Structure formats: C-alpha cells, structure tokens
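Let's take a friendly walk through a protein together. Have a look at the sequence and the 3D view, and then we will go from one residue out to the whole fold.

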Amino acid sequence: MRKKIVAGNWKMNKTLQEGVELAKTVNRQVEDNGVIVILCTPFIHLSEVNNVITKDSLFLGAQNCASETSGAFTGEVSVDMIKSTGSEYVIIGHSERRSYYHEDDAQLNKKTKLALAAGLTPIFCCGEVLAERQANNHMKVVKTQIENGLFDLSPEDFAKVVIAYEPVWAIGTGVNATSDQAQEMHKAIRELVAEKYGTQVANNTSILYGGSCKPSNAKELFANPDVDGGLIGGASLNASDFMGIVNAF
Ligand code: PEP
C-alpha cells in the first residue's frame, strides 16, 4: 500500500538555531503511527537537524538539488552532498524553482534521475497557475509536467517517486484547492500513472496535496481516496500547526 506522508517545506526560513529547535519539537511530538513525516530544511540545516531526529517515522529532505553531480558550479549543492547529511528526500520542481529560477521540465527530469541515482526519494512537484485553471487547461498542464519530468523513468525508478500536486494559486495564498478540486486532479494523476506504468505502480504512488494546507482543512483534504498526504509550506514553520496537519490522518 502507498505511504501516507506529510512533508514540511521550510523554504528560506529559520536560522540554524531556530530550525534545530523546531525540529526538536517536531521530533518530540511525532508518533510512530504509520504516517511518514519529512522535514525539508534549508541545505545548511540538514546535518544538524539530522542529529536531532530519533523517531523512526521522521525523515529529512532537501528543497532542491543541483542538476550536475560535482565540479565548478559555485553555490550549488549536489545530490551526493545532500545524501551525505542523512537526508532521504529531495523536493524537485517546486513552483518557486520553476518560476523564479526558470527550471524547466528537462532540467527537472535530470535532477530527478540524479536524485534517484544517489538513493534520494524525489518529491516531484507539479501544478498549474491560476490563468491555466481559469482557461480550463489545468489537467493538460499537470499531465505535461509529469510526462516530461518523469515518464522516461524505468518502472522500478518511477515506483520510488513521490508526486506533489501543488496548484500555484493555492501556494502561500491562504486559498486552498477545494477537496473536490484536489481529488479530481489526484485521481487524474493516478490514472495517468496507471496508463504508463500499470495499476499496481499507480496504486502504490503517494500523491501529496500542497497549497495553503492547515490543521483546519487537512482532515477534509486527506480524507479523499487519492490524496495521500500533504506538502506543507507556511504551516510547517510552527510545530503545533504542522503536527495538527500530521495528526489529521
Ligand atoms: C509549498 O510551498 O509547497 C506550500 C504548499 O506552501 P503553503 O503551504 O504555504 O501554501
């Protein structure tokens, strides 16, 4: 069966000391009850946060990785470096990376393959902007992102990927997708995966929802049959909000 996952994306927030304190609090409160909880911290926090994790259900992840393996790429952080901190996950293709840093499908495909080769689990993000939804293009946009980003992976590699559907208009806006909108898209993504990799792989793929998820709406969103958890931005910066979402399962 597919995994239930709640991943926090801290983005560019928290000093090292603040991050370690937050991680300690989350670590204390996480129960080993079948929900996988992931802290995706800034790069410089990874190693220190790894040192405070003692729970079997709590994991570490990065928010991005380089699209090259090593060498003269000033300021970049490779998948092997990330792996060496104790991280097991990496977010790839977050909408902020796609829009502010112009990361395209080909680059994200390359990053996904590098992450898998390094033994990291990619959390591959997809999602439409508001204009695309208003033009009724959202299904096509997400389909293209997934096909271009992931569909040349072997079935064995694809089976290791987590998908996060994050409508861009819902990220950080306070306006979440409705439960029906989330379910409709998650179901479509699962059907797309089934067409390419078969029903068994599709049924085992965790598809997370992201976009203004909070303790007050998580229960309803997670109750959908094709929503397997959440990728959480703002609400992951506060332990009680984040744990309220984790405990929504
Ligand atoms: C995100 O950036 O991945 C996200 C879902 O942000 P927020 O929860 O703040 O909308």
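Before we start, one term: a residue is called buried when its relative accessible area is under 20%. Keep in mind, too, that this is a predicted model.

Now find Glu128. Is Glu128 buried or exposed? Its relative accessibility is 0%, so Glu128 counts as buried. You will find Glu128 in a loop, between strand S5 (121-126) and helix H6 (130-134).

What does Glu128 meet there? Its side chain makes a polar contact with the side chain of Arg133, at 2.7 Å. Setting aside neighbours within four places in sequence, the residues in contact with Glu128 include His138, Tyr165, Trp169 and Met185.

Next, follow strand S5 into the fold. Eight strands form a closed barrel, in the order S1-S2-S3-S4-S5-S6-S7-S8, and their pairing is parallel. On average, neighbouring strands of this sheet are turned by 30° against each other, ignoring direction. For a close-up, take S5 and strand S4 (residues 89-92): the two pair in the parallel sense over four bridges. In one of these places, Tyr89 has Thr121 of S5 as its bridge partner.

The largest pocket holds about 430 Å³. Its lining is made of 14 residues, and those nearest its centre are Lys11, Met12, Gln63, Arg97 and Tyr101. Which helix gives the most to this lining? That is helix H4 (residues 95-100), with three residues.

Technical notes:
Residues are numbered from 1 along each chain as its sequence is written. This is a predicted model: local features need pLDDT of at least 70, side-chain atom pairs count only at pLDDT 80 or more; totals for chains, interfaces and linings use all residues. Side-chain values use heavy atoms; hydrogens and water are left out. Buried means under 20% relative accessible area, exposed over 50%, partly exposed in between (1.4 Å probe, protein chains only). A polar contact is a pair of N or O atoms within 3.5 Å; within protein, one must be able to donate a hydrogen and the other to accept it, and residues adjacent in sequence count only if both atoms are side-chain atoms. Contact means heavy atoms within 4.5 Å. Two strands pair if DSSP finds at least two bridges between them. Axes are lines fitted to C-alpha atoms, for helices over the stretch in contact, and angles run from 0 to 180 degrees between N-to-C directions. On a 1 Å grid over the protein atoms alone, a cavity is a set of points where a 1.4 Å probe fits but cannot get out, and a pocket is an open set with protein on both sides within 12 Å along at least five of seven lines; lining residues have an atom within 4 Å of a point. Grid points are joined across faces, edges and corners, and a volume is the space filled by probe spheres set on the points.
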